[in-house]
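Biologist: Can you walk me through this model? Please keep it short.

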Amino acid sequence: MKAITKLNKWANSHNPLFILDFGRWFLGGFLFMKGINFTTESQYLQDLLAPKGDFISTIFIYHYVTLAHLGGGVLIVFGLLTRISLAIQIPALVGAVAVNFFIAMNPQNLIEASATLLLSVFFLFVGSGKHSADYNLKMNM
């Protein structure tokens, strides 16, 4: 916990020109758009996962990924409960990397999923930054 606190203090003191905030906003917006994409193209995800599992697990995975991306994306954009939102995103993103690597090798989707996973792990450790709802709530307490 001390290492995360030190990393968080370092990130807050070395954040010129909203760089971390732009990255967080981009990541949250991207995850939200992916959630909308999963909602509109639900049959693609179901067809992709149907041969590997039963109907119930496919529907559970579909709903988990969609709700995690939609809700988590909004929370990440505002910087509210960022670490919790990202911790919920990590299993879905690891699954996306695995699906794009082992089941349907699509290089563009694999790069997107890998970059999103790396950004999520980065913000999981660094936190939401100085210009976020978490920081404002912490300062007002």
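Predicted model: local features only at pLDDT ≥ 70, side-chain atom pairs only at ≥ 80, totals over all residues.

Modeller: Let's start with one residue. Thr66 is buried, because its relative accessible area is 7%. Buried means under 20% relative accessible area, exposed over 50%, and partly exposed in between, with a 1.4 Å probe and protein chains only.

Biologist: Where is Thr66 found?

Modeller: Thr66 sits in helix 4. Helices are DSSP runs of H or I with at least four residues, strands are E runs of at least two, and both are numbered from the N terminus.

Biologist: And what does Thr66 touch?

Modeller: Leaving out residues up to four places away in sequence, Thr66 touches Gly35, Phe38 and Thr39. Contact means heavy atoms within 4.5 Å.

Biologist: OK, back to helices. At what angle do helix 3 and helix 4 cross?

Modeller: Roughly 135°. Helix 3 covers residues 42–49 and helix 4 covers residues 55–78, and their axes come within 10 Å. Axes are lines fitted to C-alpha atoms, for helices over the stretch in contact, and angles run from 0 to 180 degrees between N-to-C directions. The two helices are therefore oblique to each other. Under 35 degrees counts as roughly parallel, over 145 as roughly antiparallel, 65 to 115 as roughly perpendicular, and the rest as oblique.

Biologist: Which residues meet there?

Modeller: From helix 3, Ser42, Leu45, Gln46 and Leu49. They meet Thr58, Ile59, Ile61 and Tyr62 of helix 4.

Biologist: New topic. How do helix 2 and helix 6 pack?

Modeller: At an angle of about 130°, with axes 11 Å apart. Helix 2 spans residues 19–40 and helix 6 spans residues 107–126. So helix 2 is oblique to helix 6.

Biologist: Who makes that contact?

Modeller: Helix 2 gives Leu20, Gly23, Arg24, Leu27, Phe30, Leu31 and Lys34. Helix 6 gives Glu112, Thr116, Leu119, Ser120, Phe122, Phe123 and Val126.

Biologist: Now the whole chain. How many helices and strands?

Modeller: Seven helices and zero strands. Of its 141 residues, 34% count as buried.

Biologist: What share of the contacts links residues 24 or more positions apart?

Modeller: 73% of the contacts with a separation of 6 or more.

Conventions. Residues numbered from 1 in each chain as written. Heavy atoms only, no water.
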